[in-house]
Amino acid sequence: STLFPYTTLFRSIPSKDTVYIGEGVDISYYLYFQFPIRRWEIEEFPRVDKVLKREREIRPQEETVEVGGILYKRILVHGFKVFPARAGDLSIGQIKLSVSYASENRFVGLGGERSKTMRNDRIEIKVLPLPVENAPKDFTGLIGAHSFRLESYRSKYLVNSPIELKLSVEGPGALENFEAPIIYSHSNL
């Protein structure tokens, strides 16, 4: 999109364009500009159906980047992570962004404001099924590097007393879909 007299771009950038079921994809929405933007506002958020979506905290910081041989300032205006739940094509909708910038009346020397509504291109991601060959028996369904920690509050228990354990899992996967594993399978428990 172009804002007269300034060039401004609005782009959506996925971290990957091909993933496996349950693998996370970061989606970032950047506003690129050559002259100062007074303000921007998201009017419509993207539609994402039938996936786990985790919002990211956004701290807009300007950075200088080159696009097609032209220098721009850019800021991150929105971002989230999605975890596809089924194989096939995943389509992520557009954001409707309103951008305001300074305009100058050259005849009388007064400044004003102009605005433009912009949309990013739709994002298409190919989602592959999990490979079943050579899958370990204890595969949890989480994709990525995760750490598991099991804590016990006591080392000895009396008969008929509850056993309390705490399982902590950390990592980039879809922890919301993770089912805790069976820790003890003894017939007396």
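The chat below covers confidence, the sheet, the cores and one histidine.

User: What should I know before reading it?
Analyst: This is a predicted model, where local features need pLDDT of at least 70, side-chain atom pairs count only at pLDDT 80 or more, and totals for chains, interfaces and linings use all residues. Residues are numbered from 1 along each chain as its sequence is written, and side-chain values use heavy atoms, with hydrogens and water left out.

User: What is the mean pLDDT of the protein chain?
Analyst: The mean is 83, and 92% of the residues reach 70 or more. pLDDT is the predictor's confidence in each residue, from 0 to 100.

User: Where does pLDDT stay under 50?
Analyst: Over residues 1–5. The model has 13 contacts beyond four places in sequence for that stretch, a contact being heavy atoms within 4.5 Å. Where pLDDT is low, the predicted coordinates should not be read in detail.

User: OK, the sheet. What is the strand order?
Analyst: The order is β2-β11-β8, an open sheet of 3 strands with mixed pairing. Strands are DSSP runs (E, at least two residues), numbered from the N terminus. Two of them pair if DSSP finds at least two bridges between them.

User: Which are the edge strands?
Analyst: β2 (18–20) and β8 (88–92), each pairing on one side only.

User: How many bridges join β2 and β11?
Analyst: 3 bridges, in the parallel sense, with β11 spanning residues 123–128. Val 19 stands opposite Val 127 in β11.

User: Switching to packing. How many residues are in the largest nonpolar core?
Analyst: It has 25 residues. Such a core is a set of buried Ala, Val, Leu, Ile, Met, Phe, Trp, Tyr and Cys residues joined through side-chain atoms within 4.5 Å. Buried means under 20% relative accessible area, exposed over 50%, partly exposed in between (1.4 Å probe, protein chains only). Those with the most contacts inside this core include Ile 27, Leu 31 and Ile 125.

User: Which strand gives the most to this core?
Analyst: β3, with 5 residues. β3 covers 25–33.

User: What does Leu 31 touch?
Analyst: Among its contacts beyond four places in sequence are Phe 10, Trp 40, Val 77 and Met 118.

User: And the second core?
Analyst: It is separate and has 7 residues, including Tyr 30, Tyr 32, Val 65 and Leu 76.

User: Last one. Is His 146 buried or exposed?
Analyst: Buried, because its relative accessible area is 18%. His 146 is in the loop between β11 and β12 (147–152).

User: What does the His 146 side chain reach?
Analyst: The backbone nitrogen of Gly 173, at 2.9 Å. His 146 also touches Val 169, Pro 172 and Leu 175, among others.

Key: Helices (H or I, at least four residues) and strands (E, at least two) are DSSP runs, numbered from the N terminus. A polar contact is a pair of N or O atoms within 3.5 Å; within protein, one must be able to donate a hydrogen and the other to accept it, and residues adjacent in sequence count only if both atoms are side-chain atoms.
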